[in-house]
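Look at the sequence and the model before reading on.

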Amino acid sequence: MISLWLSRLKKSLTEREAQGLLRQLHARTSSEAHLNLADNDYLALSKDPSVIAAAESALREWGASSSASPLVSGYTALHEELEKKLAAWHGYPHGIIFNTGYAANAAVLGGIPREGDLVLADRLIHASMLSGIESSGAKLVRFPHNDLDTLELKLTEAVNHTGAVFVVTESVYSMDGDSPDLKRLSELRERFGFCWILDEAHATGWHGATGSGLQEEQGVRGAADIVVGTLGKALGSQGAYVLSREADVRASLINFSGEFIYSTYLAPSSAAAGLAAIKRAEALAEERAALHVLSREWRGALTAAGFVVPEGHSAIIPIVLGDANRTVHFAKKLKDAGIKVSAIRPPTVPAGTGRLRISLRRGLTSAHLNKFITAMKEAAL
Ligand SMILES: Cc1ncc(COP(=O)(O)O)c(C=O)c1O
């Protein structure tokens with residue numbers, strides 16, 4: 001007889017498959033020659049010689065693992081140097097490294113808001129933040145995506161709230177590539193006195209004069225109370241970080257976050273790669289302007305070809321196709337043409353908004369753009 005728990009699993013999987021939404025793993029090989037418009041290596045730093053050399057040298061000096069959780073012996077001089085560098089880069093006095101952005105968000109949102117508090121969160125915040133908020137016991141109220149008028153209304157309604165109030169946003173949204181007005185958020189913060197938690201995961205490297213992110217680009221460096229960022233996207237490495245103006249945020253995470261305390265710490269080679277990547281990202285000041293031009297060119301070419309894409313200059317371009325099967329059809333046709341894109345379907349995005357998510361990267365040429373637009377037009381036939 002099939003056990004209850006297993007029949008439950010089978011039922012959920014069968015339902016998901018029937019909806020055309022089954023997720024499956026496909027192992028890629030290192031020799032795969034597709035034009036990669038799917039990953040988050042926006043500055044192509046994961047293969048940068050200086051980043052690889054730094055990781056290699058750390059591997060030889062420290063070995064392949066940190067071999068322990070950070071409070072035991074996993075925290076090395078490299079982790080310390082990295083947290084200090086990241087904090088200074090973003091304009092904060094305190095920082096702490098986490099193993100992943102998911103863990104960092106779950107720890108911050110799960111540990112800092114408490115029962116009786118109110119969390120006002122953008123409708124499209126990342127699953128990791130949502131998971132943290134849900135475990136915190138705080139009341140979650142979501143506002144429409146990037147709608148700061150509605151946020152202001154909700155803040156006004158909450159002026160007599162007795163618990164703490166948090167506002168949670170990203171700076172560049174992972175599935176939409178768009179951004180809120182950070183200056184206005186910073187003004188709202190001044191006026192209402194909430195704690196602003198900002199995820200800069202997809203902005204760092206691509207935005208800002210020195211590449212630290214969208215706070216820097218929009219002239220509000222250091223405005224958010226707590227910033228979460230990752231090393232696994234434009235910084236070409238692995239791991240994540242939490243920055244704050246208050247030393248107690250760092251101390252609380254070290255003392256109370258299970259994600260931090262009970263897990264083997266990030267490998268020293270990943271910390272070394274992150275440090276080298278920051279150096280490279282800072283040095284790309286002039287190229288960053290060209291990357292923003294590239295983003296506008298790709299959006300313009302897609303619009304001219306009849307696709308609906310938002311304006312902007314981030315590294316992420318969503319092409320909303322609606323139906324999940326249509327989205328998969330486009331991704332398959334592009335793959336046949338030698339182009340890898342991600343087909344994003346519900347539940348990652350709202351129902352009816354299946355999309356191709358195009359990640360731009362340093363090194364893309366007009367030949368790549370032509371190849372991509374030709375394949376998109378053929379897929380649409
Ligand atoms: C906005 C955002 N925050 C956090 C994360 C998680 O980061 P990591 O991949 O380092 O776990 C992601 C990953 O996709 C993300 O898009």
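Which residues in α7 meet which residues in α8? In α7 they are Leu148, Asp149, Leu151, Glu152, Leu155 and Thr156, and in α8 they are Arg184, Leu185, Leu188, Arg191 and Phe192. This is a predicted model, in which local features need pLDDT of at least 70 and side-chain atom pairs count only at pLDDT 80 or more, while totals for chains, interfaces and linings use all residues. Residues are numbered from 1 along each chain as its sequence is written, and side-chain values use heavy atoms, with hydrogens and water left out.

**Helices α7 and α8**
- Helix α7 covers residues 148-157 and helix α8 covers residues 182-192; helices (H or I, at least four residues) and strands (E, at least two) are DSSP runs numbered from the N terminus.
- Their axes come within 11 Å and cross at roughly 5 degrees; axes are lines fitted to C-alpha atoms, for helices over the stretch in contact, and angles run from 0 to 180 degrees between N-to-C directions.
- α7 is therefore roughly parallel to α8 (angles under 35 degrees count as roughly parallel, over 145 as roughly antiparallel, 65 to 115 as roughly perpendicular and the rest as oblique).
- The contact of α7 with α8 (heavy atoms within 4.5 Å) has six nonpolar, one polar and four charged residues.
- Ala, Val, Leu, Ile, Met, Phe, Trp, Tyr, Cys and Pro count as nonpolar, Asp, Glu, Lys and Arg as charged, and the others, Gly among them, as polar.

**Helices α2 and α12**
- Helix α2 (residues 49-62) packs against helix α12 (residues 268-283) at an angle of about 150 degrees, and their axes are 8 Å apart.
- The two helices, α2 and α12, are therefore roughly antiparallel to each other.
- From α2, Ser50, Val51, Ala54, Ala55, Ala58, Leu59 and Trp62 meet Pro268, Ser269, Ala272, Ala273, Ala276, Ala277 and Arg280 of α12.
- The contact of α2 with α12 consists of 11 nonpolar, two polar and one charged residues.

**Helices α13 and α15**
- Helix α13 (residues 285-304) and helix α15 (residues 366-380) pack at about 30 degrees, with axes 10 Å apart.
- That angle makes α13 roughly parallel to α15.
- α13 also passes α15 in a right-handed crossing.
- Glu297, Trp298, Ala301 and Leu302 of α13 make the contact with His368, Leu369, Phe372, Ile373 and Met376 of α15.
- By class, the contact of α13 with α15 has seven nonpolar, one polar and one charged residues.

**Backbone details**
- Most residues other than glycine have a negative phi, and most peptide bonds are trans.
- Ala44, in the loop between β1 (35-36) and α2, has a positive phi, near 55 degrees.
- The peptide bond from Pro346 to Pro347 is cis, with omega near 10 degrees.
- Pro347 lies in the loop between β11 and β12 (354-359).

Key: Left-handed = near helix turned anticlockwise from the far one by under 90°.
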